[in-house]
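Subject: Structure handover

Hello,

Here is the structure I said I would pass on. My notes on it follow below.

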Amino acid sequence: MNKYFAPSELIINEDGSIFHLHVKPEQLADKVILVGDPGRVPVVAAHFDTQECDISSREFRTITGTHKGKRITVVSTGIGCDNIDIVMNELDALANIDFNSRREKAKLRSLELVRIGTCGGLQPYTPVGTFICSVKSVGFDGLLNFYEGRNAVCDLPLERALLNHLGWSGNLCAPAPYVIDAHPELIERIAADDMVRGITVACGGFFGPQGRQLRIPLADPRQNEKIESFSYNGLQITNFEMESSALAGLARLMGHKATTCCMVIANRVAGEADPSYKNKIDDLIQLVIDRI
């Protein structure tokens, strides 16, 4: 018999919606766009031809609609891999658990998920305004280490090569990074020939974990210098953001397709930033909506 999920593990609201998102199973499309900012959800949904629901709960806002005949759900996750853990588990539950019986469905429903976000560029060829599609994501957050099977889906040789390159040991910048591939078919379709492809580092914070020093000194002052110089099988680390590793990793473990596409709003090498990026990210949104 399929696995049963107790009320303490799968929390369902009185109206039949999932606990945090407040979304019901029938409101979820097979194609999902994830954004960090709840304010960006209606910006994405403005491209839809129709809208069938608009749900807000905490930092999570969800709109499902159609675009050129495709049914799409856009969800805000808030910031960080911890929030991705909530959103991915709840989306997967909506797709693959029968809420009436509380049992796993016999047939897997596989979702396509693309995160649209912003990032910091780490190479001279990723200036402000560049669109980057994450081929691989490095998790500095440690989230995937809490799930069985992480070694089976991670790029273990790259993990070891990066850790040796960084020279981290003991408690220095722990936990050790994990590395996960985005879905290759989704990368080809979404990135096409007009996005930079590279390795993305998902950090557990915006300041110290991304090598920004304000009043507190950094544990590894050379962190960014070492990250920028790392190369593996022709790929370099192209950008910092805060969610791609958890998205790619959980999607692989759950049987979904996922990748992350970001627009560079700060280039760490050049020391430049564009705080008015919100006027320009709509071009990236349009590309993803057309290609998902």
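**Helix α4**

At the start of α4, the backbone nitrogen of Leu158 has a side-chain oxygen of Asp155 within 3.1 Å. Helices here are DSSP runs of H or I with at least four residues, strands are runs of E with at least two, and both are numbered from the N terminus. Please note that this is a predicted model, in which local features need pLDDT of at least 70 and side-chain atom pairs count only at pLDDT 80 or more, while totals for chains, interfaces and linings use all residues. Residues are numbered from 1 along each chain as its sequence is written, and side-chain values use heavy atoms, with hydrogens and water left out.

Helix α4 covers residues 156-166, and its buried residues are Leu158, Glu159, Leu162 and Leu166. These residues lie on the same side of α4 because they cover an arc of only 105° around the axis. The arc is taken from the directions that run from the helix axis to the C-beta atoms. On the face turned away from the buried side, α4 carries the exposed residues Arg160 and Asn164. Buried stands for under 20% relative accessible area, exposed for over 50%, and partly exposed for what is in between (1.4 Å probe, protein chains only). After α4 comes Gly167, with a positive phi near 75°.

**Pockets and the cavity**

The largest pocket holds about 750 Å³ of space. A pocket is an open set of points on a 1 Å grid over the protein atoms alone, with protein on both sides within 12 Å along at least five of seven lines; a cavity is a set of points where a 1.4 Å probe fits but cannot get out, and lining residues have an atom within 4 Å of a point. Grid points are joined across faces, edges and corners, and a volume is the space filled by probe spheres set on the points.

Of the 24 residues that line the largest pocket, Phe5, Asn89, Asp92, Ile97 and Met254 lie nearest its centre. The elements that give two or more residues to this lining are α2 (81-96) and α7, and α2 gives the most, with five. By class, the lining has 12 nonpolar, four polar and eight charged residues. In this scheme Ala, Val, Leu, Ile, Met, Phe, Trp, Tyr, Cys and Pro are nonpolar, Asp, Glu, Lys and Arg are charged, and the others, Gly among them, are polar.

The second largest pocket has a volume of about 470 Å³. It is lined by 22 residues, and Thr118, Cys119, Phe206, Ile265 and Tyr277 are the closest to its centre. At least two lining residues come from each of β7 (112-121), β12 (235-241) and β13; β7 gives the most, with five. The lining divides into 10 nonpolar, five polar and seven charged residues.

One cavity of 30 Å³ or more is counted, and the largest cavity has about 30 Å³ of space. Its lining consists of Asp181, Ala182, His183, Ala248, Ala251, Arg252, His256, Lys257 and Ala258. Two or more of these residues come from α7 (244-254) and from β13 (257-267), with α7 giving the most, at three residues. Four of the lining residues are nonpolar, two polar and three charged.

**Aromatic pairs**

The count of aromatic pairs comes to three. The rings of Phe206 and Phe207 are edge-to-face, because their centres are 5.0 Å apart and their planes stand at 80°. Rings of Phe, Tyr and Trp (its six-membered ring) pair if their centres lie within 6.5 Å, and the planes count as stacked under 30 degrees, edge-to-face over 60 and tilted for the rest. Phe206 is partly exposed at 41% relative accessibility, and Phe207 is partly exposed, also with a value of 41%.

**Single residues**

Arg102 is found in the loop between β5 (97-98) and β6 (103-104). Although Arg102 is not a glycine, its phi is positive, about 60°. Arg102 counts as buried, at 14% relative accessibility.

Ala192 lies in the loop between α5 (184-191) and β10 (196-202). Phi of Ala192 is also positive, near 50°, in a residue other than glycine. With 27% relative accessibility, Ala192 is partly exposed.

Lys68 is in the loop between β3 (60-67) and β4 (70-76) and is exposed, with a relative accessible area of 64%.

Regards

Terms used:
Polar contact = N/O pair within 3.5 Å; in protein donor to acceptor, adjacent residues only side chain to side chain.
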